[in-house]
Amino acid sequence: MRVLGGRPEGLTSLSMDDELDPRARLVVVGNGMAGARLVEEVLERGGGEQFRITVFGDEPHGNYNRIMLSPVLAGEAHEDDIVLNSHDWYADAGVHLRAGVRVERVDTAAKVVYAADGSATAYDHLVLATGSHSFIPPTAGVRTGDGGLLPGVYGFRTIDETRAMLAATSRCRRAVVMGGGLLGLEAARALQGHGLEVDLVHAMPWLMNAQLSREAGAVLERSVAALGITVHLDVLATEVLGEGHVEGVLLQDGRRLDCDLLVVAAGVRPHTDVAVRSGLEVERGVVVDDQLRTDDPDVYAIGECAQHRGSVYGLVAPAWEHARVLADVLTGTDPTAEYHGSRTATKLKVAGVDVATMGVSTPERDSDEVLVISEPKRGVHLSVVVRDDRLVGATLLGDTRKVAYLTQALDRGTALPEERIRLLVDLSDGREEVGVADMPADSQVCNCNGVTKGAICGAVADGCGSVGAVMDRTRAGKGCGSCKALVEQVVEWAADGDVAEDPAASYYVPGVPLAKPALVAAIREHDLRSVSAVFAALAPDGREDARSKMGLASLLKTVWGTDLVREKDAEFVNDRVHANIQRDGTFSVVPQMKGGVTTPAQLRRIAEVAEKYEVPMVKVTGGQRIDLLGVRKEDLPAVWADLGMPSGYAYGKSTRTVKTCVGSDFCRFGLDDSTQLGIDLETRFQGIESPAKIKMAVVGCPRNCAEAYVKDVGVVAVGSGRWEVYVGGAAGATVRKGDLLATVGSPAEVLTLVGRFLQYYREHANWLERTYDFVPRVGLERVRSVVVDDAEGTCADLDAGVQRSIDAYTDPWGQDGREPATPGQFRAALPLLPLPLVPVR
Amino acid sequence: MSTVDTRTADTGTVDTGTADTRPAAPAGVRAHAVARVEDVPPGEGRAFVAGGVQVAVFRLRDGSLHATQAACPHAGGPLADGQTDPDVLVCPLHLYGFRWTDGSSTGGVPPLTRYPVRELDGMVVVET
Ligand code: SRM
Ligand SMILES: Cc1cc2nc3c(=O)[nH]c(=O)nc-3n(C[C@H](O)[C@H](O)[C@H](O)COP(=O)(O)OP(=O)(O)OC[C@H]3O[C@@H](n4cnc5c(N)ncnc54)[C@H](O)[C@@H]3O)c2cc1C
Ligand code: SF4
Ligand code: FES
């Protein structure tokens, strides 16, 4: 077995276990998240001088981040990435790690630790950090004769169990997960991601009953079911079936669920056996006082194995607080440090289901105030509990935007807004304003355009009275746009709240005072087929506006397909010449390479063109194709003709690339033909005009090698011919994991669903609004109800709308290359400067 | 006018100093016919060389002609590739706007140099 965080073969560490060493002996039992953190905290306080430290861990590995086992099981994280302290780390820190050695008993009178390898280790201070183990309910058939678990049955606590389950996913088809708490839900989702059919059995009447109210639990149940996980509530599993390997589970009500993998996530129990055998006081956990001391003055307990003031915690934050306080006490940094309990907060790490809870979930006293906002259809349930004007609990389901603010309010006990609704609904939470005031004047607000807070304040002082005016003046927020909210806050702060309402904020483009729906209606009503006709009919005084032209040109293409009057001056230069302008006025040329698949013949042609036109740089793009950079404008038509390949639309507000992975044709993990589906998607949706660029990817399994989870549209093969379709993902200026829209049973269904989603987005998104803003703005549930469930009866229209655009597709290179659209379309714009100015590699 | 070759800017300049129809130009300023009017499509711009000076010529949708320096004062962007309306020219590189009236920028970068331009017998004549 591979040791996680292990040392390369042949490296040994010298330990100075010398009777002459004057330092006190600190022994830690348990090399988990609490034990290792304690060692770190002690060393940080200079404890290396005071203590000879020995750590026992019965796992052979270094210390790893147990929380991350969920993403590891889901295939979203690699086990190497979750190592916190490797064996090397201990060696470098002079800490003696006894990995793979289990402690059996402590003689507290002689102050000696006895371990399973027969060793006896003396200590001056002993810390128990033995954590918890999975609780396996005593169900018939779950164990074999020798007391071990029936093969195919797993707890979910360690990396070894996670590895075993991962290995099993390729053999198994159906899983049952026992337990509908955090761990069970995360396990269920992870296994489902590997293509298994998953049944979740929960003995309580609602999911996450320890953290959620019944109402919230019901909302969660809907969201989980929507992911495709079958949930069975309020029922016990009475028997595990199977001889030699699990075959199924029998439920109390007589139903039988077949499975070849069973995960038991029915809670954890503190590891107290060492403490019990050593005669320490143990109730549910090892009982400790406010200094984490057991009833023996030299023995301490921290983390999940400790019981403090009646509470045993199952989360990492309290364990880390324990480690801090105990390190203060042991090193004498603060000999009076005390621990007074933790307020706990949890987050469910399941894609597509956002759950965050903190403090209490329901009112406990008559005087407690409660505020609940529940929208079960959208999967949203928000609630707060307020006691004596202080926040004592919050539950956020389906919308966790307020989590940071509420966490702060709970932790710091800050004053709450009079209108309690502000706690849950964004009417500005006041937090950023404080942040803005504290920002130094030279701190950069807009990184794209290098605009500082001071520059924004200067613009306000010079009389810019609205956010729009400040943005025009400074260009803050005009790059990637991700800083817009901050720019607004700085402007408001600088103007002391005296900011003119920006009516233009709701307009589709600044020069026509209409929001998108009204604008589209007016275009249809007046039959406006050109950008200048739109200005003439709808702009104030019929006045043209340069900055509105590109958005209008795009919208007209979406509304009319090919039936419009094209005006070249309405187009941005990139669209005029079908290439992307570079800093020196040259252009880049990216030929289409569907799904990232090319041929030797294509490569040869690209190479020949690059040589013939002295292209200064040939580069493989992040979009799986090849970019010819620094092409002279006047060479564009000839370059296209020689390439003989269609445009890849690398410049357009349109569908761009569909990235793919090698999929089932070649990859040993491939569950389906992702390459072909990617090519089919690109073929069908190539060049389609949209409010902003659309990037797609298709992957052959949830390892996600082509990054489908972070694309506007991402498609993931999950086996048995099924495909998950994610929407609203991005990994540019904004990083957002896409939301699971639906799981469908064939490539044809993927094409239909993607077409519907694209058309819905094209019709409803604002100009330049990427799907990562659009989907959360509209709400996933809404999108799903329209494009999956046809709740508004519009699917046929969406299908027809996107089909119209598909039929209207022509390759712009094939067209304008032969016959310029306007005189001088490809005439150099900077004739005298030696080009290119970009350094040639 | 058959001598006017507007295919490439370096060869496309004809000094109207040699033409009879030449209007009186102030001392030190010379007028150059750089193109036929229809070589600049409505709403768009094209770059030319007028007496050794690179200029960008624009024909707005209202028919008016404007000429500016060809390289953007901000970072040298090709202004002839920009977009226009009756008030401003917008550079394609970083989208700063420049007013036709006085060349000043709407976004706080240095102003543009403008050149007198007019139509003469179907030719675009720029004074530099
Ligand atoms: C060529 C390429 C970089 C490369 O060398 O690999 C590239 C180049 C540019 N990207 Fe990109 N992006 C390229 C892949 C990406 C990717 C990766 C991907 O597509 O998988 C991303 C992140 C994914 C995403 O968009 O979610 C990406 C996120 C951006 C963004 C941020 C968009 C956002 O809203 O977050 C911008 C800025 C924008 O669109 O306003 C941008 C803008 C640009 C522009 C077009 C800037 C501009 O307006 O001139 C760059 C053009 C350079 C030029 O002069 O030609 N590029 N850009 C990649 C072309 C891919 C292709 O084959 O089409
Ligand atoms: C899949 C998963 C997801 C989780 N997600 C979250 C989350 O999102 N948020 C959160 O706050 N918490 C989460 N947790 C809980 C979190 O991991 C624990 O709270 C944390 O690990 C507790 O730390 P600990 O050191 O007390 O126990 P552990 O990390 O379990 O460490 C105890 C160590 O002691 C060793 N040990 C036990 N007995 C002996 C002995 N006799 N001799 C030697 N060694 C011994 C064990 O092998 C183990 O390595 C999750 C847990 C799991 C399993
Ligand atoms: S290619 Fe993309 S990341 Fe690179 S400089 Fe241009 S916009 Fe920025
Ligand atoms: S070069 Fe013209 S705006 Fe930057």
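Author: Gladly, and please keep in mind that this is a predicted model. To begin with ligand 1, one of its oxygen atoms is 2.6 Å from an N or O atom in the side chain of A:Gln582. An oxygen atom of ligand 1 is also 2.7 Å from a side-chain N or O atom of A:Arg625, and for the side chain of A:Ser588 the corresponding distance is 3.1 Å.

Reader: Which elements give two or more residues to the shell around ligand 1?

Author: Those elements are β33 (626-631), β34 (655-660) and β38 (730-731) of chain A. The shell counts 22 residues around ligand 1, and the ones that come nearest are A:Gln582, A:Thr621, A:Gly622, A:Lys693 and A:Tyr772.

Reader: OK, and how many residues surround ligand 2?

Author: There are 31 residues around ligand 2, with A:Asp58, A:Glu59, A:Arg157, A:Glu304 and A:Lys349 as the closest. For A:Glu304, a polar side-chain atom lies 2.4 Å from an oxygen atom of ligand 2. A:Glu59 has a polar side-chain atom 2.7 Å from an oxygen atom of that ligand, and A:Arg66 likewise places a polar side-chain atom 2.7 Å from a ligand 2 oxygen.

Reader: Switching to helices: which residues of α7(A) are buried?

Author: In α7(A) the buried residues are A:Ala216, A:Gly217, A:Val219, A:Leu220, A:Ser223 and A:Val224. When one looks down the axis of α7(A), these buried residues fall within an arc of 160°, so they line one face of the helix.

Reader: How far apart are the end C-alpha atoms of helix α7 of chain A?

Author: They are 19 Å apart, which agrees with the 18 Å that the 13 residues of helix α7 (residues 214-226) of chain A should span at 1.5 Å a residue. Just after α7(A), the residue A:Gly228 takes a positive phi of about 100°.

Reader: And what about α14 of chain A, which residues are buried there?

Author: In helix α14 (residues 484-494) of chain A, the buried residues are A:Val487, A:Gln489, A:Val490 and A:Val491. Just after α14(A), A:Asp496 has a positive phi of about 55°.

Reader: Sheets next, please. In what order do the five strands of the parallel sheet in chain A come?

Author: The order in that open sheet is β11-β18-β12-β13-β14 of chain A, with parallel pairing. At its edges stand β11 (153-155) and β14 (230-232) of chain A, each with a single partner strand, so one side of each is left without a neighbour in the sheet. Neighbouring strands of this sheet are turned by 20° against each other on average, direction ignored. Within the sheet, strand β12 (residues 174-178) and strand β13 (residues 197-201) of chain A are joined in the parallel sense by five bridges, and A:Val176 has A:Asp199 in β13(A) as its bridge partner.

Reader: Which strands pair in the antiparallel sense over four bridges?

Author: Those are β15(A) and strand β16 (residues 248-251) of chain A, where A:Leu241 has A:Gly248 in β16(A) as its bridge partner. They belong to an open, antiparallel sheet of three strands in the order β15-β16-β17 (chain A). Its edge strands are β15 (237-241) and β17 (256-258) of chain A, each pairing on one side only.

Reader: How many residues lie between β25(A) and β26(A) in their hairpin?

Author: There are four residues between them, and A:Gly379 in the turn has a positive phi of about 75°. Strand β25 (residues 369-375) and strand β26 (residues 380-387) of chain A run antiparallel and are joined by seven bridges, with A:Val370 standing opposite A:Val385 in β26(A).

Reader: Where is A:Asp389 placed, and what is its phi?

Author: A:Asp389 is in the loop between β26 and β27 (390-397) of chain A, and its phi is positive, about 65°, although it is not a glycine. Most residues other than glycine have a negative phi.

Reader: Is A:Tyr649 buried or exposed?

Author: A:Tyr649 counts as buried, at 12% relative accessibility, whereas A:Asp389 is partly exposed, with a relative accessible area of 43%. A:Tyr649 is in the loop between α20 (636-643) and β34 of chain A, and its phi is positive too, near 55°.

Conventions:
Residues are numbered from 1 along each chain as its sequence is written. Chains are lettered from A and ligands numbered from 1 in the order in which they are written. This is a predicted model: local features need pLDDT of at least 70, side-chain atom pairs count only at pLDDT 80 or more; totals for chains, interfaces and linings use all residues. Side-chain values use heavy atoms; hydrogens and water are left out. The expected span of a helix is 1.5 Å times one less than its number of residues. Buried means under 20% relative accessible area, exposed over 50%, partly exposed in between (1.4 Å probe, protein chains only). The arc is that of the directions from the helix axis to the C-beta atoms. Two strands pair if DSSP finds at least two bridges between them. A residue is near a molecule or strand if one of its heavy atoms lies within 4 Å of it. A polar contact is a pair of N or O atoms within 3.5 Å; within protein, one must be able to donate a hydrogen and the other to accept it, and residues adjacent in sequence count only if both atoms are side-chain atoms. Axes are lines fitted to C-alpha atoms, for helices over the stretch in contact, and angles run from 0 to 180 degrees between N-to-C directions.
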